[in-house]
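Welcome, and please take a moment to look over the structure below. We will go through it together, one part at a time.

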Amino acid sequence: MANPSILILAGDGIGPEVMAEVKKIISWYGDKRGLVFDVSEDLVGGAAYDVHGKPLADETMAKAQEVDAVLLGAVGGPKYDNLDFSVKPERGLLRLRKEMDLFSNLRPAQCFDALADFSSLKKDVVAGLDIMIVRELTSGVYFGTPRGIFEENGERVGINTQRYTESEIERVARSAFELAKRRGNKVCSMEKANVMESGILWREVVQRIHDEEYPEVELSHMYADNGAMQLVRWPKQFDVIVTDNLFGDILSDCAAMLTGSLGMLPSASLGAPMENGRPKAMYEPVHGSAPDIAGQGKANPIACILSFAMALRYSFDQGDEASRLEKAIEKVLAEGVRTADLMGPEGGTAVSTVEMGAKIIEALDASL
Ligand code: NAD
């Protein structure tokens, strides 16, 4: 059987710096665990614009459709801020999401014990936290029509439309229930069924998919505003949260920051299963290209490395190896190794991107 394939799109700014550490880890899995990946690399974002005059070449898009998983670094930077909207670096990312139809965005909020003091919340509220937000990514108010700014009765009116079809809700609900089965077996669905028709439909459809296909999973419903409050009050009550594009955008950022630095946050975007049964998939850190620290060896590579751990788990069915990598990171953090973004007010000596990567590989070696 052919080796599983990965397309690396490192992108701009710190993207290539953090991805260099992921590449070493991918090689480690080949050398030490016999998990050999066919890795190819290409350009996205500003790096692609510099060469092709657009943020994603058609050939790159075609490659992304064929591989088992895309790993993306980050795109954007001040050099590209004044480009026309149609060729801005972020358009490359949006094109990948849209054409691969990545409708299910997985954003874990996991608190490593060694960083529990880093949260803005009390330690006992976040220590051991492990929740997953599933955000619908390709529909809802960011895409619905009519949209635009129009003239009406002598003044301008801005319009966006929240719109969900049953099938769009069904597929993201299934994705959340499937995830819950591999975790704590609990899903909380969030919407505003009290004031929005799309929320009423959302609640009905999630409930039906539950009753017909996943009765063994515990399901609850919550209004999204209460959900935001509960996330800050007692986040450990949740396992998987499923919600729409807009609420998911906000709730996932809120939940993620419970756990500390942007440099620690991975994500996955999944689509429908391909012929080989694997979902279309793209994995990327939540952070951007961090132009303020790019080229200085200061970036924390952990978000990008944890994104690869998600790929091991969700694309390659290597949950044990994903846990091995997560534990290696946990060990390194417990030893007090920190990149600059993880330094507390007491200070200390920060390690570089490359040193953090090397420490994680040492911990992987020690796990054998
Ligand atoms: P950012 O995430 O790049 O940076 C925000 C802050 O967090 C900065 O101070 C940065 O130094 C720090 N930071 C981010 N990642 C870090 C890491 N791994 N290690 C240590 N510190 C880290 O967000 P921004 O500054 O708003 O945006 C910068 C550029 O990135 C813009 O062009 C923006 O459009 C783009 N962007 C891209 C993505 C993406 O590629 N998915 C996401 C967000 C922003």
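**Around the ligand**

Let us begin with Gly-77, which has a backbone N or O atom 3.1 Å from an oxygen atom of the ligand. This is a polar contact, meaning a pair of N or O atoms within 3.5 Å. His-287 brings a polar side-chain atom to 3.3 Å from a nitrogen atom of the ligand, and a polar side-chain atom of Asp-292 lies 2.8 Å from a ligand oxygen atom. On its own the ligand has 800 Å² of accessible area, and the protein covers 68% of that; such areas come from the Shrake-Rupley method with a 1.4 Å probe.

Before going on, a word on the source: this is a predicted model, in which local features need pLDDT of at least 70 and side-chain atom pairs count only at pLDDT 80 or more, while totals for chains, interfaces and linings use all residues. Residues are numbered from 1 along each chain as its sequence is written, and side-chain values use heavy atoms, leaving out hydrogens and water.

How many residues surround the ligand? There are 21, and the closest are Val-75, Glu-90, Gly-288, Ala-290 and Asp-292; a residue counts here if one of its heavy atoms lies within 4 Å. By class, this shell has ten nonpolar, seven polar and four charged residues, with Gly counted among the polar ones.

Now turn to two helices, H11 (residues 319-334) and H12 (residues 353-366), which pack at an angle of about 120 degrees with their axes 8 Å apart. Axes are lines fitted to C-alpha atoms over the stretch in contact, and angles run from 0 to 180 degrees between N-to-C directions. Helices are DSSP runs of H or I with at least four residues, and strands are runs of E with at least two.

Finally, look at the backbone. Thr-145 and Pro-146 are joined by a cis peptide bond, with omega about 0 degrees, and Pro-146 is found in strand S6 (residues 144-152).

Terms used. A polar contact is a pair of N or O atoms within 3.5 Å; within protein, one must be able to donate a hydrogen and the other to accept it, and residues adjacent in sequence count only if both atoms are side-chain atoms.
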